[in-house]
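Biologist: Please take a close look at a single part of this structure, for a reader who is new to it. Once that part is described, kindly set it in the context of the chain.

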Amino acid sequence: TALGHLHKRQVISKDRNIIYSGSPLQYAYDEVGNVKSVTVFEVLSGKIENLHEVELKSGKRLAKLSCLGVESVDEILSYNCENFVDLTIVSERPLTFDETAEIKSKYANITKIKLELTGNLETSTVVGRKNLSDKELFVEFYKCKYGNEPDEEILNAYLEIVLEE
């Protein structure tokens, strides 16, 4: 029986003789918590005998984690260092480019970082990228990419190119 692209194990028939094993690894974060398995059986005298599931334990698991503030990232990820992680950081302030870069460099298994801002955003100063000048955008990008601010020569070269456009 061909069932197409299904990730989850499914028993298809009333007689429980059509079973789709699903994918052997977790491929999407909506599969967090799903046990991956294969069905093993013997055929004796033309009948299925000893039908049972065997859980698959190799391969990296997926985890959706949430922590309060950038200060809690190390603690929560130390317990999940073997998993691929979709991380949500709940914070009263935006993360800096440096904080985000440090998290990504320390934890190669993070596939996604989301920020959930709390608190009174009307009274806090939040500067979105769309409100930054070309110069400020380039400086932030450069700091994120290289870890320090661009020297004056590189910055001026960039601004000359932008002005030509």
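**The cavity lining and its setting**

Modeller: By class, 3 nonpolar, 3 polar and 2 charged residues line the largest cavity (nonpolar: Ala, Val, Leu, Ile, Met, Phe, Trp, Tyr, Cys and Pro; charged: Asp, Glu, Lys and Arg; polar: the others, Gly among them). The model is predicted, so local features need pLDDT of at least 70 and side-chain atom pairs pLDDT 80 or more, while totals for chains, interfaces and linings use all residues. Residues are numbered from 1 along each chain, and side-chain values use heavy atoms, without hydrogens and water.

The lining residues are Pro 24, Leu 25, Gln 26, Leu 56, Ser 58, Gly 59, Lys 60 and Arg 61. A cavity is a set of points on a 1 Å grid where a 1.4 Å probe fits but cannot get out, and lining residues have an atom within 4 Å of a point.

Read from the N terminus, the elements follow the order β-β-β-β-β-α-β-α-β-α-α. Of the 165 residues in the chain, 24% are buried, that is, under 20% relative accessible area, with exposed over 50% and partly exposed in between.

Charged pairs complete the context. Side chains of opposite charge can pair when their charged atoms come close. Across the whole structure there are 7 salt bridges, each a side-chain nitrogen of Lys or Arg within 4 Å of a carboxyl oxygen of Asp or Glu. In one of them, Asp 86 meets Lys 114 at 3.3 Å, N to O. Asp 86 belongs to strand β6 (residues 84-91) and Lys 114 to strand β7 (residues 110-117), so this pair ties together parts 28 residues apart in sequence. Asp 86 is buried, at 3% relative accessible area, whereas Lys 114 is partly exposed, at 33%. A network of salt bridges links Asp 86 and Lys 114 with Lys 112.

Another salt bridge joins the side chains of Arg 93 and Glu 99 at 2.6 Å, N to O. Here Arg 93 is partly exposed, at 33% relative accessibility, and Glu 99 is buried, at 19% relative accessible area. Lys 143 and Glu 140 likewise meet in a salt bridge, at 3.6 Å, N to O. Both lie in helix α3 (residues 134-146), 3 residues apart, about one turn of the helix.

Definitions and conventions:
1 Å grid on protein atoms, 1.4 Å probe; cavity = no way out; pocket = protein on both sides within 12 Å on 5 of 7 lines; lining within 4 Å. Helix = DSSP H or I, 4+ residues; strand = E, 2+ residues; numbered from the N terminus. Buried < 20%, exposed > 50% of the residue type's maximum accessible area, 1.4 Å probe, protein only.
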